[in-house]
Amino acid sequence: NMEFTKSLIKGKLVKRYKRFFADIKANKEIITAHCPNTGSMMGLLEKDNHVWISQNDDPKRKLKYTLEIIKVKNNLVGVNTHLANKIVAEGLKNNSFIEFNNLKSIKSEVFYNKETRFDFLVNKNNKNIFIEVKNVTLFRDSKISEFPDAPTSRGVKHIKTLIDASKKGFKSYVLFLVQIENMKYFKIAKDIDKDYYENYLMAKKSGVQFLAYKCKIDPKQIKIDKKIKIIDE
């Protein structure tokens, strides 16, 4: 499992700014943490939300704290996008996904063509399978997680490349990693990115598979919990 090496420090959110910074009140002082999430973080940034941050004393690092978890409407949300692939890699090793168990091999960051790398290339029963991971932190309904939280031209590009891979006979998956507790469903936020939604529908027609798995989240570790249903409007 993706375990935090040291205990996370609890605090309260003051504000996020310039995308990569978050001011947090912890131990009665304001500290600046790295915000490892380039998304809009829609719905997560209310002042005084409880947060958990990690500490890293590596002298090469500009900021020694990193924002890891935010509590929103009583749900813990894992906001460190950089951990998504680590959580999935652990899940692949531990047979946490129904679709990807007993794998022969797991490779990460594999080039598909000159422009695009996919997050994982796994081999199951001598078949190569591409997996692209998307980190999900948006929920506007108490049970429904959504992606994306802002228009994503990069996401659209990835889907178009997966359609191409499908046409060339590769099996390919998009895995929505729902880093939000208590979710029952997942859907594409088509009001936020219509282009992504339309490409998602095209990809489904051309054989790209879409999966959503939610995580179990606490300040000690984040791990794959179980598959949740994808709903199409």
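1. Lys-71 is partly exposed, because its relative accessible area is 31%. Here buried means under 20% relative accessible area, exposed means over 50%, and partly exposed lies in between (1.4 Å probe, protein chains only). The model is predicted: local features need pLDDT of at least 70, side-chain atom pairs count only at pLDDT 80 or more, and totals for chains, interfaces and linings use all residues. Residues are numbered from 1 along each chain as its sequence is written, and side-chain values use heavy atoms, with hydrogens and water left out.

2. Lys-71 belongs to a positive surface patch, together with Lys-10, Lys-12, Lys-25 and Lys-28. Patch residues have over 30% relative accessible area and no salt bridge; like charges are joined within 9 Å, and nonpolar side chains (Val, Leu, Ile, Met, Phe, Trp, Tyr) within 5 Å. A salt bridge is a side-chain nitrogen of Lys or Arg within 4 Å of a carboxyl oxygen of Asp or Glu. Lys and Arg count as positive, Asp and Glu as negative; His and the chain ends are left out. The charge of Lys is placed at NZ.

3. Lys-71 sits in strand 6, residues 65–72. Strands are DSSP runs of E, at least two residues long, numbered from the N terminus. Strand 6 is mostly covered, with seven of its eight residues buried.

4. Strand 5 (residues 50–55) runs antiparallel to strand 6, joined by five bridges. Two strands pair if DSSP finds at least two bridges between them. In this pairing, Trp-52 faces Ile-69 of strand 6.

5. Strand 7 (residues 75–78) is also antiparallel to strand 6, through four bridges. Lys-71 stands opposite Leu-76 there. The two strands make a hairpin with two residues between them, and Lys-73 in the turn has a positive phi of about 45°.

6. Lys-12 stands opposite Lys-25 in strand 3. Strand 2 (residues 9–17) and strand 3 (residues 21–26) are antiparallel, with five bridges. Three residues separate them in a hairpin; Lys-18 in its turn has a positive phi of about 45°.

7. Strand 3 also pairs with strand 4 (residues 29–34), antiparallel and over six bridges. Phe-21 is opposite His-34 in strand 4. This hairpin has two residues between its strands, and Asn-27 in the turn shows a positive phi of about 50°.

8. One last distance. Lys-71 and Ile-230 are 159 residues apart along the chain, and 24 Å separates their C-alpha atoms.

Definitions and conventions. Areas by Shrake-Rupley, 256 points an atom, 1.4 Å probe, with all protein chains shown as cover.
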